[in-house]
Amino acid sequence: MSQITTSPDDSGAVDPNLPPDPSRRFWVASACAVGGAAGVATAVPFVSSFAPSEKARAAGAPVEVDVSNIAPGNMITVEWRGKPVWIMHRTDAQLAGLKTHENELADPQSDRPGFTPEFAKNEYRSREPELFVCVGICTHLGCSPSPAFEPGPQPGLPSDWAGGFFCPCHGSYFDLAGRVYSNKPAPDNLEVPPYIFSADGSHITIGVDENNKA
């Protein structure tokens, strides 16, 4: 089973003037946004890996992922139905930061239909607070946002930035629960796919939940 591993690179930059070509989704996502845009860069390590088999990808079958070794503050990327899915282990500080900026979000309670399953309609948008799972595609025109996990003032981000994801194509940004900030091009929060945990909590299966059976 092949795996691609990348590390954050402060020198990597994405041209914000690139056209919003949906065909760019996958090669942008596969790099998992190694660098930032407009000076925005990841200051926390993360790992990108594409685990499912070709057969599973082609069939759109559920994908099982081992999440037991994702360290706090790290993120992996897997492929499901041709989409990059991010799985992030949030730290206690990152979870606390989710409560500091709800008044700046377009849909803080994830009330809008279509992008948040019932099990994720909570302040963490997840089954377990620490583990966040979402589709890494901007809800505007299909670019892949860049991780910008480091909190604090940074070029192109709010002065009270609590960490999240920045889309270099048109300037939308999302918090660490995938919730979009107000007055940005992206109309909705990042999509949370169906998923369930294994009995021991060491794995998740993407593509299956109470309403989506394997």
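**View 1. Glu-64 of strand β1 and its partner in strand β9.** In this predicted model, Glu-64 stands opposite Thr-205 in β9, where strands, like helices, are DSSP runs numbered from the N terminus (strands: E, at least two residues; helices: H or I, at least four). Strand β1 (residues 63–66) and strand β9 (residues 203–206) pair in the antiparallel sense over 4 bridges, pairing being assigned if DSSP finds at least two bridges between two strands. Residues are numbered from 1 along each chain as its sequence is written, and side-chain values use heavy atoms, with hydrogens and water left out. Because the model is predicted, local features need pLDDT of at least 70 and side-chain atom pairs count only at pLDDT 80 or more, whereas totals for chains, interfaces and linings use all residues.

**View 2. The hairpin of β8 and β9.** Strand β9 also pairs with β8, in the antiparallel sense and over 3 bridges, and Tyr-195 stands opposite Ile-206 in β9. The two strands form a hairpin with 5 residues between them, and Gly-201 in the turn has a positive phi of about 75°.

**View 3. Strand β4, covered on both faces.** All 5 of the 5 residues of strand β4 (residues 131–135) are buried, so the strand is largely enclosed by the rest of the structure; buried means under 20% relative accessible area, exposed over 50% and partly exposed in between, with a 1.4 Å probe and protein chains only. In a regular strand the side chains alternate between the two faces of the sheet. Here Leu-131, Val-133 and Val-135 lie on one side, with Phe-132 and Cys-134 on the other. Strand β3 (residues 83–89) pairs with β4 in the antiparallel sense over 5 bridges, and Met-88 has Phe-132 as its bridge partner in β4.

View 4. Val-192 lies in the loop between β7 (173–175) and β8 (195–197) and counts as buried at 4% relative accessibility. Its C-alpha atom is separated by 6.2 Å from that of Val-133, 59 residues apart along the chain. Leaving aside neighbours within four places in sequence, the contacts of Val-192 (heavy atoms within 4.5 Å) include Phe-132, Val-133 and Cys-134.

**View 5. The disulfide of Cys-143 and Cys-169.** A search of the whole structure finds 1 disulfide, a term for a pair of cysteine sulfur atoms within 2.5 Å. Cys-143 is joined to Cys-169 with an S to S distance of 2.1 Å, and the torsion about the S-S bond is about -100°, so the disulfide is left-handed.
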